[in-house]
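The stops below each start with a selection.

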Amino acid sequence: MKWKNILKKMKEYPAIVGFFGIVLFFSLLSDRFLTVSNFVNVFRQVSIQAVIAFGMTLVIISGGIDLSVGSIFALSAVVMASILKGGSVFLGIVVALLVGAVMGAANGIIIAKGRIQPFIVTLATMAIGRSLTLVYTQGMPITGFPQSFRVIGRGEMLGIPVPVIIMFGLFMLIWFISTYTKLGLYTYAIGGNETAAKLSGVKVDRYKIIIYVLSGVLSAVSAIILTSRLNSAQPTFGTGYELDAIAAVVLGGASLAGGKGTVIGTLFGALIMGILNNGLNLLNVSPFYQQSVKGIVILIAVLLERET
């Protein structure tokens, strides 16, 4: 293969190239970085943000944005936690997913039927969700769940952490939806040109609502994992997670203008964020500087995306 073709392929998958570049960089600087146990730890930590980012990928491809995922995360967690205290794991998980679906549906319906910008709607529901969480818990954490529930966040299968298995399972699901289903095809069509999609007979409102419901449900799944891992549900859960999810999607090569992006890119975008956190910690870089480094990486990714 000629060098021009190789460079062309590299430009098509900037997140994958960036991921391996960052891995190489930290491998040279720390002998504790390139180990199996460290990478298992990175994948376990990344699973929370990655699952949320998978839903955000569909939202952004459709030309929208969802700032409420962190609040949906928190509200799902505390409502589920109060049910878990009664001992019913199955009911708690179902209710958490329902909370995510209902809040996602509310976002989708208001955006689609109200003809209001997604940024405004999800900014409002972000505030409402956080407020409801604080009212529900009175600002206090909920702790102490059945042992069986803790398997979700702390268990392993064949040496692989359960959160990592859930992450890859949902990755495959969203990849299949975005690649082979009508929903995936219409998501790109709506993000590329909503008016043209509508004129072509696409029921834009219906698909927008479904996309936001998926985003809400995936936020709830992520909340289930973290609540299980910590054996606690905090009213401050999910603060800033919307920015992490958006950053992962953008690093993955998606366009905030809509119509462009892949869940594969998002997975590597989330891994880049996780690797940066892990590598900078191993190098004992001050947390005060870590945010700056991540911000610079995101800016570079956006500039490269504009060039392509």
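**Stops along the chain**

Select Arg115, which sits in the loop between helix 5 (89-114) and helix 6 (118-137); helices (H or I, at least four residues) and strands (E, at least two) are DSSP runs, numbered from the N terminus. This is a predicted model, in which local features need pLDDT of at least 70, side-chain atom pairs count only at pLDDT 80 or more, and totals for chains, interfaces and linings use all residues. Residues are numbered from 1 along each chain as its sequence is written, and side-chain values use heavy atoms, with hydrogens and water left out.

Arg115 is not a glycine, yet has a positive phi of about 55°. Most residues other than glycine have a negative phi. Arg115 is exposed, at 56% relative accessible area (buried means under 20%, exposed over 50%, partly exposed in between; 1.4 Å probe, protein chains only).

Next, select Gln138, in the loop between helix 6 and strand 1 (142-143). Gln138, also not a glycine, has a positive phi near 55°, and its relative accessibility of 63% makes it exposed.

Go back to Ser30, in the loop between helix 2 (14-29) and helix 3 (36-61). Is Ser30 buried or exposed? Ser30 counts as buried because its relative accessibility is 8%. Leaving aside residues up to four places away in sequence, Ser30 touches Leu282 and Leu283 (contact means heavy atoms within 4.5 Å).

Now select helix 3, where 19 of the 26 residues are buried. Just after helix 3, Gly63 has a positive phi of about 90°.
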